[in-house]
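Visitor: I have a structure to go through with you. Can we start with salt bridges, and what counts as one?

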Amino acid sequence: MNFREIACAHLSRYKESSLAGTGDGYFHYRGRDVPKAHILPISQQELNILEPYRESFWKSQYSCIKLHRYFHHLNSSQALCINLYYPLIAEGVLPRLLQFLGLPATGDLSPAFEKESELEVAKRLTSFDFHIQLTDSCQVFFEVKYTEGGFGKAKNDEAHRKKFIDTYEPLMRESPFLAPECHDQTFFLEHYQILRNLVHIGDSSYVVLLFPGANSEVAEEAAYARDHLLTDAGRARLRVVFLEELTAFLEKQSTIGPLGGYFELFRTKYLPATHHHG
């Protein structure tokens, strides 16, 4: 079984025990609606936010984002991202995350979910799962994966070739952070999704790739990106983070107060015990 199958089986059991009485949601497949145990009914999608911060999140300004089409799936990486970071925002302890990343947490931190790129000039902008503005210039972009089978490629078609020339080539022209082969159109489209992220590495901006270490498909692609798509200067501004390790760190930091026990709930939901990393 791959990580996705393990996680979906685990989330199906989780729904039965932790969200008892919730019916199955449907997945539209080949013209049919197929009931799936790891999916919530759309009418109950708010239950995908963990109980301690559920009400607080849905009442907050942060809930005004555009929810992904599959937000009601328990393996939604958007829901995971909110469950991981929103409590840190709510309790004013976002600096703990920056401490883990080895980044300075000075001044007012301005967090956002679903942050659209301000670098790109395009109709469809890259949207980051999470973003922290540290100071006027310093910022951190987060790409979060959960059960996805890796990072996406783009079709080598007219539209994407045009987007490469109009949007990405100008961004890379000056960049000392990306390896030379990334400037090749075919190569760029082969590694499209991850390069759309990495192109945001700058003199004072960092990119974080966050995913479960147990998801070997994503882990391999992230390692490849770190080793082959970036220069040394670029590598210094990339953080590859295993969800298992960040969760353990936050759990250790949050033994008392409102967050006490919260990251244990998070781990129970998202990290199937069979694949404990380390």
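Guide: A salt bridge here is a side-chain nitrogen of Lys or Arg within 4 Å of a carboxyl oxygen of Asp or Glu. Keep in mind that this is a predicted model.

Visitor: How many salt bridges does that rule give?

Guide: The count comes to ten salt bridges. One example is Glu 55 with Lys 59, at 2.7 Å from N to O.

Visitor: Where do Glu 55 and Lys 59 lie?

Guide: Both are in helix α2, four residues apart, which is about one turn of the helix. Glu 55 is exposed, and so is Lys 59.

Visitor: What does Arg 161 form a salt bridge with?

Guide: Its partner is Glu 158, and the closest N and O atoms are 3.8 Å apart. Arg 161 and Glu 158 both belong to helix α5, three residues apart, again about one turn of the helix. Arg 161 is partly exposed at 28% relative accessibility, while Glu 158 is exposed at 58%.

Visitor: And Lys 115, is it buried or exposed?

Guide: Lys 115 is buried, with a relative accessible area of 19%; the cut-off for buried is under 20%. Its side chain meets that of Glu 118 in a salt bridge of 2.6 Å, N to O. Glu 118 counts as exposed, at 65% relative accessibility.

Visitor: Switching to rings. How many aromatic pairs?

Guide: The count is 24 aromatic pairs. Among them is a tilted pair, Phe 27 and Tyr 70, with 5.9 Å centre to centre and 50° between the planes.

Visitor: Which parts does that pair tie together?

Guide: Phe 27 lies in strand β1 (residues 25–29) and Tyr 70 in the loop between α2 (51–59) and α3, so the pair links parts that are 43 residues apart in sequence. Phe 27 is partly exposed, with a relative accessible area of 26%. Tyr 70 is partly exposed too, with 35%.

Visitor: What about Tyr 262 and Phe 263?

Guide: They form an edge-to-face pair, 5.1 Å centre to centre, with 85° between the planes. Tyr 262 is buried at 2% relative accessibility, and Phe 263 is buried at 1%.

Visitor: Which ring does the charged end of Arg 237 sit over?

Guide: The ring of Tyr 206, with the charged end 4.7 Å from the ring centre.

Visitor: How does the lining of the largest pocket split by class?

Guide: It has 14 nonpolar, 16 polar and 17 charged residues.

Visitor: What space lies in the second largest pocket?

Guide: About 260 Å³. Of its 19 lining residues, Leu 119, Val 199, His 200, Gly 202 and Ser 205 are the closest to its centre. β3, β5 and α5 each supply at least two residues of that lining.

Key
Residues numbered from 1 in each chain as written. Predicted model: local features only at pLDDT ≥ 70, side-chain atom pairs only at ≥ 80, totals over all residues. Heavy atoms only, no water. Nonpolar A, V, L, I, M, F, W, Y, C, P; charged D, E, K, R; others polar. 1 Å grid on protein atoms, 1.4 Å probe; cavity = no way out; pocket = protein on both sides within 12 Å on 5 of 7 lines; lining within 4 Å. Points joined across faces, edges and corners; volume = space filled by probe spheres on them. Phe/Tyr/Trp six-rings, centres within 6.5 Å; stacked < 30°, edge-to-face > 60°. Buried < 20%, exposed > 50% of the residue type's maximum accessible area, 1.4 Å probe, protein only. Lys NZ or Arg CZ within 6 Å of the ring centre and 35° of its normal.
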